[in-house]
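Here is a short briefing on a structure. Read it alongside the sequence and the coordinates.

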Amino acid sequence: MSYLTGVGLTPFGKLPGRTTLDLMSDAATLALADAQLERKDVDGLLVGYSTTFSHLMLSTVFVEHYGLNPTYAHAVQLGGATGFGMAMLAHHLVASGAARNVLVVAGENRLTGQSRDAAVQALAQVGSPVYEVPLGPTIPAYYGLVASRYMHKQGTTEADLAELAVLMRRHALMHPGAQFKEAITAESVLASKPIATPLKLLDCCPVSDGGAAFVIGKDPTNGYRVRIAGTGQAHTHQHVTAAPSLTQFGAGPSAARAQEAAGISLGDVEYAAIYDSFTITLTILLEEIGLAARGQAGRLARDGHFNHDGKLPLNTHGGLLSYGHCGCGGAMAHLVETHLQMTGRAGPRQVRKAGVALLHGDGGVLSSHVSLVLRNNA
Amino acid sequence: MSDPTRDWTQGSEGIAYQACPACASVWYFHRTFCPRCGDPRPQTRQAAGTGTVHAITVVTRAPTEELRAHAPYAIALVDADEGFRLMGHAAQELRIGERVRVRFIDFAGRPVPRFERTQD
């Protein structure tokens with residue numbers, strides 16, 4: 001049993017002059033204030049990694065910098081799944097009694113802290129240095145390969161993918177912290193410049209500066225009662241070349257484990273927070289988890305099903321595609337937004353009902369999967 | 001050229017893969033054991049260089065300044081006839097399901113496999 005007691009999120013985008021430690025600190029301060037806790041209350045610390053500030057011991061660097069004195073601390077590395085992986089670990093640490101209040105924090109000046117080429121190259125290293133990287137692939141190329149096969153099998157079109165980019169932008173326009181402030185249409189997505197077929201610029205999340213944090217604790221520390229009700233993972237491969245399939249991934253089994261642990265089924269889910277590094281990622285995850293039938297994610301998005309006032313609100317902050325992606329903090333923004341929705345604090349984006357939420361993150365090339373179910377017991 | 005271990009990742013024109021003498025599984029990334037059953041005696045074999053396109057993407061935005069001059073280039077995942085999957089360069093017009101054969105091209109100063117359409 002554990003509670004998500006507080007959340008913190010910085011704006012994403014260009015935040016010149018802010019370092020990894022600055023952004024981590026900003027987010028941590030927001031999360032502690034939200035949880036009504038002080039530094040001395042934090043006895044567990046989990047941090048993500050930063051490509052602009054690689055360090056063997058980022059957790060203790062942050063302990064020293066921010067002024068903490070935890071009895072448990074380390075960093076976690078699971079690519080895009082890191083944030084939800086840390087949430088799952090914090091949940092188990094609290095449940096086991098190893099810690100009472102675990103601060104989870106990540107931040108990175110991924111956009112302004114390095115050149116765009118450096119960011120693209122750093123990320124491409126999730127590929128095999130021997131069998132893939134020498135061929136000149138990029139992260140969009142790995143996902144472009146997946147997209148080509150998935151679309152071949154399911155009949156998904158580029159216009160279907162575009163609907164998910166449009167949906168995320170529509171939501172981002174309601175959040176003042178989002179990186180992108182201009183509306184887009186399916187036509188503008190389809191006309192955006194090619195990156196790695198079938199993916200175009202607006203099918204890809206941006207590189208951002210930003211930070212995110214949350215506190216997971218044994219007991220409620222404020223008026224909120226959002227509980228982590230179930231968690232699950234699945235890991236099938238690292239490299240796209242070695243993936244067992246390009247049309248079936250670990251998302252289904254991972255989400256099923258989290259639902260089973262929480263004692264819920266998909267029909268109970270009132271809010272969804274799903275990793276969206278690319279439009280194809282979101283499409284595959286929605287369809288494999290079962291939140292959309294195979295081949296139907298784009299149509300449902302177009303019909304308003306995933307709107308903030310739709311049947312199943314999805315990533316109402318705008319997701320990685322439009323709120324932005326600063327590395328480990330990227331998916332953590334999905335969790336922050338989920339908490340705001342579950343506690344009725346999402347302002348103009350507020351959904352009608354968010355008593356049960358399903359969150360899913362993936363890392364690598366759909367390699368690592370982590371799912372969470374949150375329940376509001378208020 | 002008869003060395004079955006010759007491989008483009010080592011700078012020679014060839015595609016090596018491995019097979020397990022115990023459980024008969026085959027795989028691409030070199031190891032000293034079978035990833036399926038753990039047998040410590042995998043055999044390294046030379047692939048014929050023929051297969052079927054499983055997935056393909058055309059990269060327009062190259063990752064480095066050095067590779068920018070080569071873009072756009074196509075990258076494919078090919079199901080080799082021996083039963084393993086590998087990544088290589090590819091002719092841009094290829095479609096999923098088409099039969100291909102490898103030749104080796106120079107890419108940024110090293111030989112890399114490039115798959116092209118065959119009639120067989």
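Buried residues make up 62% of the 378 residues in chain A; buried here means that 20 or more other C-beta atoms, placed from the backbone, lie within 10 Å of the residue's own, exposed means 12 or fewer, and partly exposed lies in between. This is a predicted model, in which local features need pLDDT of at least 70 and side-chain atom pairs count only at pLDDT 80 or more, while totals for chains, interfaces and linings use all residues. Residues are numbered from 1 along each chain as its sequence is written, and chains are lettered from A and ligands numbered from 1 in the order in which they are written.

**Chain A: overall build**

- Chain A holds twelve helices and eleven strands. These are DSSP runs, numbered from the N terminus: H or I over at least four residues for helices, E over at least two for strands.
- Along the principal axes, the C-alpha atoms of chain A fill a box of roughly 55 × 45 × 40 Å.
- Take the contacts in chain A between residues at least 6 apart in sequence: 78% of them join residues at least 24 apart. A contact means C-beta atoms, placed from the backbone, within 7 Å.

**Chain A: the sheet and its helices**

- Nine strands form an open sheet with mixed pairing, in the order β3-β2-β4-β7-β1-β8-β11-β10-β9 of chain A. Two strands pair if DSSP finds at least two bridges between them.
- The edge strands are β3 (72-75) and β9 (271-274) of chain A, each pairing on one side only.
- Neighbouring strands of this sheet are turned by 20 degrees against each other on average, direction ignored.
- β1 (2-9) and β7 (209-217) of chain A are antiparallel and share six bridges. Leu4(A) has Ile216(A) as its bridge partner in β7(A).
- Helix α3 (82-96) of chain A packs on the sheet, and its direction makes about 165 degrees with that of β4(A). Axes are lines fitted to C-alpha atoms, for helices over the stretch in contact; angles run from 0 to 180 degrees between N-to-C directions.
- Helix α12 (328-342) of chain A runs at about 55 degrees to β7(A). The strands it lies across include β1, β4 and β7 of chain A.

**Chain A: a loop residue**

- Pro348(A) sits in the loop between α12 and β10 of chain A.
- Pro348(A) counts as exposed because it has 10 C-beta neighbours inside 10 Å.
- Leu282(A) is 66 residues from Pro348(A) in sequence and 24 Å away in space, C-alpha to C-alpha.

**Where chain B meets chain A**

- 29 residues of chain B are in contact with 28 residues of chain A.
- β4(B) gives the largest share of the chain B side, six residues.
- The residues on the chain B side divide into 17 nonpolar, eight polar and four charged. Nonpolar covers Ala, Val, Leu, Ile, Met, Phe, Trp, Tyr, Cys and Pro; charged covers Asp, Glu, Lys and Arg; the others, Gly among them, are polar.

**Strand β4 of chain B**

- Eight of the ten residues of β4(B) are buried, so this strand is largely enclosed by the rest of the structure.
- β4(B) runs antiparallel to β5(B), with eight bridges. Thr52(B) stands opposite Asp79(B) there.
- β4(B) also runs antiparallel to β7 (99-107) of chain B, with three bridges. Here Thr52(B) stands opposite Arg99(B).

Definitions and conventions: Two residues are in contact if their C-beta atoms, placed from the backbone, lie within 7 Å.
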